[in-house]
Amino acid sequence: MVEAGTPGASWRFSDPEDCTKEAQRVLRQNDRGGYTVPTPNIYPFQWNWDSCLVALGWVTFDETRAWQEIESLFIGQWPDGMVPHIVFHRDDPGYFPGPDIWGTASLWGDRLAVPTSGISDPPLAATIALKLWRGARDQQQAKAAVERLYPKIAAWHRWFHTARDPAQDGMVAILHPWESGRDNSQDWDAALSRVPTDDLPPFQRRDLDRVDAAQRPRKEQYERYLSLILTFRGKGYEPKAIYEASPFRMVDIGTVAILLRADRDLRVLAETLGYREDLVEIDRWIARGESALDRLWDETAGVFRSYDLISGGFTDAITSASFLPFYGGGVKPERCTRMVEVLERWGTQSSYPVPSFDPGDQRFDSLRYWRGPTWAIVNHMIAEGLTGCGHEGWAARIAGATARAIRQSGFWEYFDPITGRGLGGDDFTWTAAMWLAWARDFSPPNDSSEDAA
Ligand code: GLC
């Protein structure tokens, strides 16, 4: 393991207090009144799982604003329960594909208040709402917010468990790589190669105006992202029609783990609020999630993997999402031990774990988005899960590495897991939120010569 730095002149923030003030500034700067944008230059709208995680940052200094971050997301909820991955509260020409490409504005008539994308995102809202409620200083405000949110979140989970799991066996599918939140992961390469790209209209990406192309998805991936959208749009986003038509139908291990955790947390919300009549249905979802997780375990590799519902096999990648079942909870101790062995191996090959892809695989790319770089949000979820199953040492190591990367480089979208160099967009909201909510507690103090990791 290459040891990576103690606070010094080359650090962007040698004083952790300055880092905290700057993180708060980033959240305020990216606040558009009730919701934040991930970073103004690349992502000028509200993103679903970003907002849920960003609420954990807001709550450290403005509890009311934290609740707004989640509630504003549900302004974009579709009448069928789906919560889109982007809510276009206000138009902005700086992003492709914008609301005109998605074409959802007229889909639901006046039943949808704002234009949105037509696909979803990993469902974190129940988990974050429960966490905020448990820690709330203002219990009255928290209870009122959860009362409003609960039926909306339950409808979203029901949508996942029906529209995306027609076989009713827990193998909940994503139909677009963006639904995993890990856009260009090696997990999706084989399935994406099935997506046709003939007859695409000409289009212009906006991300490459702002970020070095070496750190972003390639052109051929963007073409396939667009092709899928146009297929879904052509079918009016009707759930059954798009499930059947999509050449990309994947069981993302990250989504399954996050949904399982969220179902468990939704159950706690239902019980506490007195919605006992919902428990039977939620228990069924939890049982299905557990059985799907079992099917996604690869005994030979000693990790969980994503699964291709069309080809009928595991993906050939081990990614950071393979560790998200720690967050989902309930992983058998012997499996946890096997997974930690894989983490150990990855830790000898990267100073800032957890890389988003196996650093020992020749397809590893330390710069390119979800094909190698380390992401604070995923690290946070993995670390929280590791703590829950008795691997506090590894949890602290991941948190310490994330804190070091932030203090050395700033609030970047993602980081090179070998050097800690910041990559992608700067002043990134969820990275700032992860500093406030978590990483700062594992950061070395200003004058320390010891590494917290
Ligand atoms: C990228 C990321 C996704 C995130 C979005 C906004 O698409 O892959 O996970 O939600 O940017 O930050």
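Which residues is T39 in contact with, leaving aside its neighbours within four places in sequence? Select T39 to find out: N30, P44, D426, D427, F428 and T429 are its contacts once those neighbours are set aside, where contact means heavy atoms within 4.5 Å.

Before going further, a word on the model. It is a predicted one, in which local features need pLDDT of at least 70 and side-chain atom pairs count only at pLDDT 80 or more, while totals for chains, interfaces and linings use all residues. Residues are numbered from 1 along each chain as its sequence is written, and side-chain values use heavy atoms, with hydrogens and water left out.

**Stop 1: T39**

Stay on T39, which sits in the loop between α1 (16-29) and β1 (46-47). Helices here are DSSP runs of H or I with at least four residues, strands are runs of E with at least two, and both are numbered from the N terminus. T39 counts as buried because its relative accessibility is 4%; buried means under 20% relative accessible area, exposed over 50%, and partly exposed in between, with a 1.4 Å probe and protein chains only. Now show the backbone oxygen of D426: a polar atom of the T39 side chain lies 2.8 Å from that oxygen. A polar contact is a pair of N or O atoms within 3.5 Å; within protein, one must be able to donate a hydrogen and the other to accept it, and residues adjacent in sequence count only if both atoms are side-chain atoms.

**Stop 2**

Next, select H85, in the loop between α3 (63-73) and β2. H85 is buried, because its relative accessibility is 3%. Leaving aside neighbours within four places in sequence, display its contacts: Q46, W47, N48, W102, S117, I119, S120, D121 and W178.

Y237 belongs to the loop between α8 (219-234) and α9 (239-245). Is Y237 buried or exposed? Y237 is buried, as its relative accessible area is 4%. Beyond its neighbours within four places in sequence, Y237 has contacts that include W78, T104, G118, I229, F232 and I242. L107 is also in contact with Y237; these two are 130 residues apart in sequence, yet their C-alpha atoms are 8.7 Å apart in space.

**Stop 3**

Time to look at the main chain. Most residues other than glycine have a negative phi, and most peptide bonds are trans. Here are some exceptions to click on:

- F96 to P97: this peptide bond is cis, with omega near 0°, and P97 lies in the loop between β2 (86-87) and α4 (99-102).
- P353 and V354: a cis peptide bond joins them, with omega about 15°, and V354 is in the loop between α13 (333-349) and α14 (376-388).
- Y369: phi is positive, about 60°, although this residue is not a glycine. Y369 is in the loop between α13 and α14 and counts as buried because its relative accessibility is 2%.
- Q168: phi is near 60°, again positive in a residue other than glycine. Q168 is in the loop between α6 and α7 (189-192) and counts as partly exposed because its relative accessibility is 37%.

**Stop 4: Q139 and helix α6**

Now move to Q139, in helix α6 (residues 139-163). Q139 counts as partly exposed because its relative accessibility is 39%. A polar atom of its side chain lies 3.2 Å from the backbone oxygen of A136. Setting aside neighbours within four places in sequence, Q139 is in contact with W133 and R134. For a distance check, pick M171: Q139 and M171 are 32 residues apart in sequence and 37 Å apart in space, C-alpha to C-alpha.

**Stop 5: α6 against α10**

Finally, colour α6 and helix α10 (residues 253-273), which pack at an angle of about 135° with their axes 10 Å apart. That makes α6 oblique to α10. Axes are lines fitted to C-alpha atoms, for helices over the stretch in contact, and angles run from 0 to 180 degrees between N-to-C directions. Angles under 35 degrees count as roughly parallel, over 145 as roughly antiparallel, 65 to 115 as roughly perpendicular and the rest as oblique.
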